[in-house]
Amino acid sequence: MRDIAPALEAVLGPDYQSAADGPIAAVHRVCAGYAGEDWTDALSAARRLETDPNADPVSRQATRLLAAEMCAWRGEDRLAASWLAGVPEDSAAFAALRGWVLAGIRHHSGEVDGVFETGWSAFRRGRDRGETPGVSLLLRRLAAIAAETGRTADARRVLAEAQAWHGGCGTVESTKTVLVVRGLVEDDGTHARAAERVIRRHGNRFELSLACQRVAETSAEPHPWLNEAYEIAQAIGAARLTARARQSLRCHGVVVSMARPAREQLSEAELRIIELIRSGRTNRQIALELRMSEKTVEKHLTRLFAKAGCRTRHGLATSGLGGWLEQVGA
């Protein structure tokens, strides 16, 4: 992923001083933020890298792809498309990683025709170039797409490639890929559970939420798995991941409600800002609508984040502030 900070730390040990600023620090913030679920900070670092004249163009491509992936899961489709557009289709370094993001965006939008084929073509290019992280991620995504769209033959083809890839790599990442793909393709609870254990030890919480949902599908007691998946998705602020967990909970008759804070605790301006945030307005649009400066909007948002106990616009939009109540399964 072009994050060289861990490598420098491993080589130099205590002599390595982590950079506080600059392109190396920004790339590390994007990668660490994505893996550590601080997606707000990761996206902020990605934007910062865009304005850094010293940034390596290839590193910039890697962070754009991660930014596109995060925005897609947050439901910010236009931003996701914008980030993806910054990486050329014939990228020499990230063919598989770009295919991973593109297939995800198209699958999220409900497209069916050509989505798997596009991802498969990217996989073959990435495989031939030895693009390890991108190939592993793309194989897992292709398996999920094939399983969810009933493409049994394609799902088996993905499993065969995952097993061949694992045989050539033998890494934790490749092991995780085989287990995830096999669990999806064979609808096998044993492999899904094994994948969850590996991801819990070596993956990130975003991957864990998906893994918990897969275990729940074959478990005699799915509720604990679904509850964990839902809580992780909400904490990350990934709207689409939350929706998937919500749908699974609904199918199992589980109702999840969020407390309704008193409206009188908020000013009229704050109530209006929350409504506009939920309708997808930007700070500039909110400022124009309410006839106030963008700086004043930012101050209101800072106070609202504190009241909602969140740090993101999505967290505010899905909070109970303003008398909004979400009830799963209602």
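Author: One definition is needed before the helix pairs: axes are lines fitted to C-alpha atoms, for helices over the stretch in contact, and angles run from 0 to 180 degrees between N-to-C directions. Note also that this is a predicted model.

Reader: How many helices and how many strands does the protein have?

Author: The chain of this predicted model has 330 residues. Its secondary structure includes zero strands, and the number of helices is 18.

Reader: At what angle do the axes of helix H2 and helix H3 cross, and is the pair roughly parallel or roughly antiparallel?

Author: Helix H2 covers residues 23-36 and helix H3 covers residues 39-50. Their axes come within 8 Å and cross at roughly 150°. Angles over 145 degrees count as roughly antiparallel, so H2 and H3 are roughly antiparallel.

Reader: Which residues make that contact, and how many of them are nonpolar, polar and charged?

Author: The crossing of H2 and H3 is left-handed. From H2 the contact takes Pro23, Ala26, Val27, Arg29, Val30, Gly33 and Tyr34, and from H3 it takes Trp39, Asp41, Ala42, Ser44, Ala45, Ala46, Arg48 and Leu49. Sorted by class, the contact of H2 with H3 has three charged, two polar and 10 nonpolar residues.

Reader: How do helix H13 and helix H14 run, roughly parallel or roughly antiparallel?

Author: H13 spans residues 223-236 and H14 spans residues 239-251. The two pack with axes 8 Å apart, at an angle of about 155°. The cut-off is 145 degrees, so the term for H13 and H14 is roughly antiparallel.

Reader: What is the hand of the crossing of H13 and H14, and how many residues of their contact are nonpolar?

Author: H13 passes H14 in a left-handed crossing. Leu226, Asn227, Ala229, Tyr230, Ala233 and Gln234 of H13 meet Leu241, Thr242, Ala245, Arg246, Ser248 and Leu249 of H14.

Reader: Is His300 buried or exposed, and what is it in contact with?

Author: His300 lies in helix H17. Its relative accessible area is 11%, and buried means under 20%, so His300 is buried. Leaving aside neighbours within four places in sequence, the contacts of His300 are Ala269, Glu270, Ile273 and Met292.

Reader: Is Glu196 buried or exposed?

Author: Glu196 is part of helix H11, residues 189-202. Beyond its neighbours within four places in sequence, Glu196 is in contact with Leu208, Ala211, Val215 and Trp225. At a relative accessible area of 2%, Glu196 is under the 20% cut-off and therefore buried.

Reader: Where is Val135, and how far is its C-alpha atom from that of Arg125?

Author: Val135 is found in helix H8, residues 132-148. Val135 is buried because its relative accessible area is 0%. Neighbours within four places in sequence aside, Val135 is in contact with Ala96, Phe123, Gly126, Arg127 and Trp165. Arg125 is 10 residues away along the chain, and the C-alpha atoms of Val135 and Arg125 are separated by 9.3 Å.

Reader: Where is Gly130, and what separates its C-alpha atom from that of Trp165?

Author: Gly130 sits in the loop between helix H7 (115-128) and H8. With a relative accessible area of 45%, Gly130 is partly exposed. Gly130 and Trp165 are 35 residues apart along the chain, and their C-alpha atoms are separated by 9.9 Å.

Reader: Is Arg291 buried or exposed, and what is its phi near?

Author: Arg291 lies in the loop between helix H16 (283-290) and helix H17 (294-308). Exposed means over 50%, and the relative accessibility of Arg291 is 81%, so Arg291 counts as exposed. Its phi is positive in a residue other than glycine, with a value near 55°.

Note on methods: Residues numbered from 1 in each chain as written. Predicted model: local features only at pLDDT ≥ 70, side-chain atom pairs only at ≥ 80, totals over all residues. Heavy atoms only, no water. Helix = DSSP H or I, 4+ residues; strand = E, 2+ residues; numbered from the N terminus. Buried < 20%, exposed > 50% of the residue type's maximum accessible area, 1.4 Å probe, protein only. Contact = heavy atoms within 4.5 Å. Parallel < 35°, antiparallel > 145°, perpendicular 65-115°, else oblique. Left-handed = near helix turned anticlockwise from the far one by under 90°. Nonpolar A, V, L, I, M, F, W, Y, C, P; charged D, E, K, R; others polar.
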